[in-house]
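Please look over the structure shown below. The report after it covers helix packing, charged pairs and a few local features.

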Amino acid sequence: MEQVEPRVLDALAYLECFLASLCFVLLKLLGSPYGRYAPQWPGLRVSARVAWVVQELPSLAWPLYECGRAAAERLHHWPSRVLLAMFLVHYMQRTLIFPFLIRGGKPTPVYSCALAFVFCAYNGYLQSRYLSQYAVYPDNWLTDPRFLSGFALWFLGMLINIHSDHILRNLRRPGETGYKIPRGGLFEFVTAANYFGEVTEWCGFALASWSLQGSAFAMFTFCVLLTRAEQHHQWYLEKFEDYPKFRKILIPFLF
């Protein structure tokens with residue numbers, strides 16, 4: 001098993017890259033079935049809060065499971081510990097904190113939640129098993145420029161993501177309904193500041209881990225969130241005549 005699984009993990013990483021490209025094409029053609037766009041899609045629905053907890057849970061459970069296993073060979077080394085902790089911190093926030101801060105939120109189609117659950121189980125296994133069992137780093141990896149720059153990007157991206165979510169939650173005063181143009185933070189430069197933060201976060205993780213598995217996850221995140229950002233941008237331009245025309249879609253000053 002130990003000789004076969006590394007090849008399996010590499011194959012799963014390449015498959016994730018392929019799925020990223022496939023999702024990019026499908027989401028460009030069909031759009032994203034969640035949030036303000038969910039009413040366009042048929043099927044059963046669950047509350048946004050329940051959907052977030054359920055769909056993100058596998059990516060929290062996998063690293064916790066690996067941390068509790070005596071056979072987690074690579075977790076005896078600090079580089080793998082820190083990298084797995086970076087993955088775990090994100091999903092602790094997304095599973096245990098973020099859902100309970102949601103104000104209202106449109107119901108999520110069950111199949112959309114199920115697909116996200118499957119991806120989080122897939123990617124949670126991929127990242128957790130690789131880092132806990134097979135990732136080999138030199139003892140000084142935590143002072144390597146690749147790790148330091150990647151960690152800085154990861155941390156900055158997480159802060160941007162959390163701050164942007166805070167802005168979105170507080171767009172409406174108590175009792176208000178309807179949509180408003182986000183103001184403040186990186187929303188002054190891009191339509192999808194929260195997505196920019198998450199893309200930055202996982203690109204930083206990929207750089208810090210210097211791995212095929214981390215790079216595949218960053219690619220998947222970019223492909224999926226770019227299509228969502230484009231959908232948001234077009235929606236805002238059509239809904240608000242005064243929407244700032246200088247705002248980019250996802251990357252400040254570029255795109």
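The text below takes these topics in turn.

This is a predicted model, in which local features need pLDDT of at least 70, side-chain atom pairs count only at pLDDT 80 or more, and totals for chains, interfaces and linings use all residues. Residues are numbered from 1 along each chain as its sequence is written, and side-chain values use heavy atoms, with hydrogens and water left out.

**Helices α1 and α7**

Two packed helices are described by the angle between their axes and the distance between the axes. Here the pair is α1 (residues 5–30) and α7 (residues 212–239). Their axes come within 8 Å and cross at roughly 10 degrees. Axes are lines fitted to C-alpha atoms, for helices over the stretch in contact, and angles run from 0 to 180 degrees between N-to-C directions. Helices are DSSP runs of H or I with at least four residues, strands are runs of E with at least two, and both are numbered from the N terminus. α1 and α7 are therefore roughly parallel to each other. That label covers angles under 35 degrees; over 145 is roughly antiparallel, 65 to 115 roughly perpendicular, and the rest oblique.

The residues of the contact of α1 with α7 divide into 17 nonpolar, three polar and four charged. Nonpolar means Ala, Val, Leu, Ile, Met, Phe, Trp, Tyr, Cys and Pro; charged means Asp, Glu, Lys and Arg; the others, Gly among them, are polar.

Alanine 229 sits in α7. Its relative accessibility is 0%, so alanine 229 counts as buried. Buried means under 20% relative accessible area, exposed over 50%, and partly exposed in between (1.4 Å probe, protein chains only). Alanine 229 and asparagine 194 are 35 residues apart in sequence, with their C-alpha atoms 9.5 Å apart.

Leucine 22 belongs to α1. At 37% relative accessibility, leucine 22 is partly exposed. Leucine 22 is also one of the residues in a nonpolar surface patch, with Leu15, Phe18, Val25, Leu26, Leu29 and Leu30. Together they have about 680 Å² of accessible area. Patches are made of residues with over 30% relative accessible area and no salt bridge; like charges are joined within 9 Å, nonpolar side chains (Val, Leu, Ile, Met, Phe, Trp, Tyr) within 5 Å. Areas come from the Shrake-Rupley method with a 1.4 Å probe, and for residues only the protein chains shown count as cover.

**Salt bridges**

Side chains of opposite charge can pair when their charged atoms come close. How many salt bridges does the structure hold? There are six. A salt bridge is a side-chain nitrogen of Lys or Arg within 4 Å of a carboxyl oxygen of Asp or Glu.

| Glutamate 230 | Lysine 28 | 3.1 Å |

Take the salt bridge between glutamate 230 and lysine 28. Glutamate 230 lies in α7 and lysine 28 in α1, so the pair ties together parts that are 202 residues apart in sequence. Glutamate 230 is buried at 19%. Lysine 28 is partly exposed at 46%.

Aspartate 165 is buried at 7%. Arginine 94 is buried at 5%.

Arginine 146 is partly exposed at 30%, while aspartate 144 is buried at 17%. Salt bridges that share partners join Glu5, Glu66, Arg69 and Arg129 into one network.

**Backbone and chain contacts**

Tryptophan 210 has a positive phi of about 50 degrees although it is not a glycine. Tryptophan 210 is in the loop between α6 (193–209) and α7. Phenylalanine 253, also not a glycine, has a positive phi of about 70 degrees. Phenylalanine 253 lies in the segment after α7 and is exposed at 63%.

Valine 46 is in strand β1 (residues 45–46). Valine 46 is partly exposed at 27%. Its C-alpha is 5.4 Å from that of threonine 108, 62 residues away along the chain.

Alanine 72 is in the loop between α2 (48–67) and α3. Alanine 72 is buried at 5%.
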